[in-house]
Protein chains: 2
Amino acid sequence: MTRTANKRDGELRTGRVTVRRRPQRGFYDHETVAAILDATFLCHVGIVVDGQPYVIPTSFGRDGRRLYIHGSAASRTLRHLSRALPICVTVTLLDGLVLARSAFNHSMNYRSVVVLGEASLVEGEEKLRALEIMSEHIIPGRWAQVRAPTEAEMRATSVLKIDIAEASAKIRSGPPLDDEEDLGWPCWAGELPFTVERQPPIPDPKLPAGVAAPDYVTAAGHRPRPDSAR
Amino acid sequence: MTRTANKRDGELRTGRVTVRRRPQRGFYDHETVAAILDATFLCHVGIVVDGQPYVIPTSFGRDGRRLYIHGSAASRTLRHLSRALPICVTVTLLDGLVLARSAFNHSMNYRSVVVLGEASLVEGEEKLRALEIMSEHIIPGRWAQVRAPTEAEMRATSVLKIDIAEASAKIRSGPPLDDEEDLGWPCWAGELPFTVERQPPIPDPKLPAGVAAPDYVTAAGHRPRPDSAR
């Protein structure tokens, strides 16, 4: 039996991340969590300062069982997080609205992940590698073409890592679940799916004429990485 | 002079919500905040339990200077929040990637709002009205057609309100901002815009034949409410 033979009793599960409402929607195996993380690059990071929670949107990258986020070394948030305080990283993919006959049974289709842990500063060789991982997570192919960070830029950037050791995924999909006695209610019912679509790229006005957009810019959609389940 | 004559010195500003990094991207007036809130219905709610932050995705509705969220009366999160503890509600619209010549100057275009406050339980007549507001915020036109909540369903649902009194918006748009000396770097640079698109509705398999989807289901895109700036 592999460690992840049972996705609902997986190795990332603790009491704190267990899905209690609608437990059939909870998953605790690395493969399910990683696949959701790799389908986007936007997360919401939760921290506590003087008892007040703050939720901050930022981009992230994943390398195996580790998440990376980054920001200005001067940022209050980053300096706060680097003190190994508890954080929460949440990723949400909204797949659609679920329109039931009853107001009560309306829902959303989504895939979400909650990772609990402590962030710590990344230093030394891992730091540049982490920036490359974030860049390739967000837009594969870009890193090799851009001007690499200078030493001053590296000093001005803080990179934080969070291990994916305590986490859960929650997934809802499919049609509405109306009560039997509501099925005859005279209104339309079903799913209203959403997708995130790339629009045509807008060249920088300062770009010299004749510089073509590379494939990774013109390709449609954010593609999960081929190694998404490792 | 109106209260919001200066969007960057608006009436929602406190030290805790002030944008310190890139202050030119911060706005503190109700109109800017409301317009971003009304362009989506997904928020990320941050709470603290035993010192640990949790970030939970959920839908919301807005009525003037008040936000509503809801959930099961049995939910740990909702029960926790109803004790008037500090919370953070964050809304993020990701508008695109910003591809600069240097790795360092890569960015995202986005519109985000952070609301700090305390949640409190909604009871009595306001509760049903709040559920209607949430429904109409998410999908205008739906509430009048669905089977209204029963008393038992109302008891099983908790509704919370958060006043929009301490909040900021942060907005980035436009092309990359490369350093002058990088402008000749030989790679493409510009914006890669994203949009959220509605896909064709999927009727519930249990829907009788011949029930047409109403206009609010077939119309493309999530439209901001006409009163978005009130």
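Which side chains of chain B meet in a salt bridge at 2.8 Å, N to O? The legends below begin with this pair.

In this predicted model, local features require pLDDT of at least 70 and side-chain atom pairs pLDDT 80 or more, whereas totals for chains, interfaces and linings use all residues. Side-chain values use heavy atoms, without hydrogens and water, residues are numbered from 1 along each chain as its sequence is written, and chains are lettered from A in the order in which they are written.

**View 1. The salt bridge between Arg111(B) and Asp95(B).** A salt bridge is a side-chain nitrogen of Lys or Arg within 4 Å of a carboxyl oxygen of Asp or Glu. Arg111(B) belongs to strand β7 (residues 107-118) and Asp95(B) to strand β6 (residues 86-99), so the contact ties together parts 16 residues apart in sequence. Helices (H or I, at least four residues) and strands (E, at least two) are DSSP runs, numbered from the N terminus. Arg111(B) is partly exposed at 29% relative accessible area, and Asp95(B) is partly exposed at 24%. Buried means under 20% relative accessible area, exposed over 50%, and partly exposed in between (1.4 Å probe, protein chains only).

**View 2. The salt bridge between Lys161(B) and Glu126(B), 3.6 Å from N to O.** Lys161(B) lies in strand β9 (residues 157-163) and Glu126(B) in helix α3 of chain B, 35 residues apart in sequence. Lys161(B) is buried at 19%, while Glu126(B) is partly exposed at 23%.

**View 3. The salt bridge between Arg147(B) and Asp179(A), 4.0 Å from N to O.** Arg147(B) is buried at 11%.
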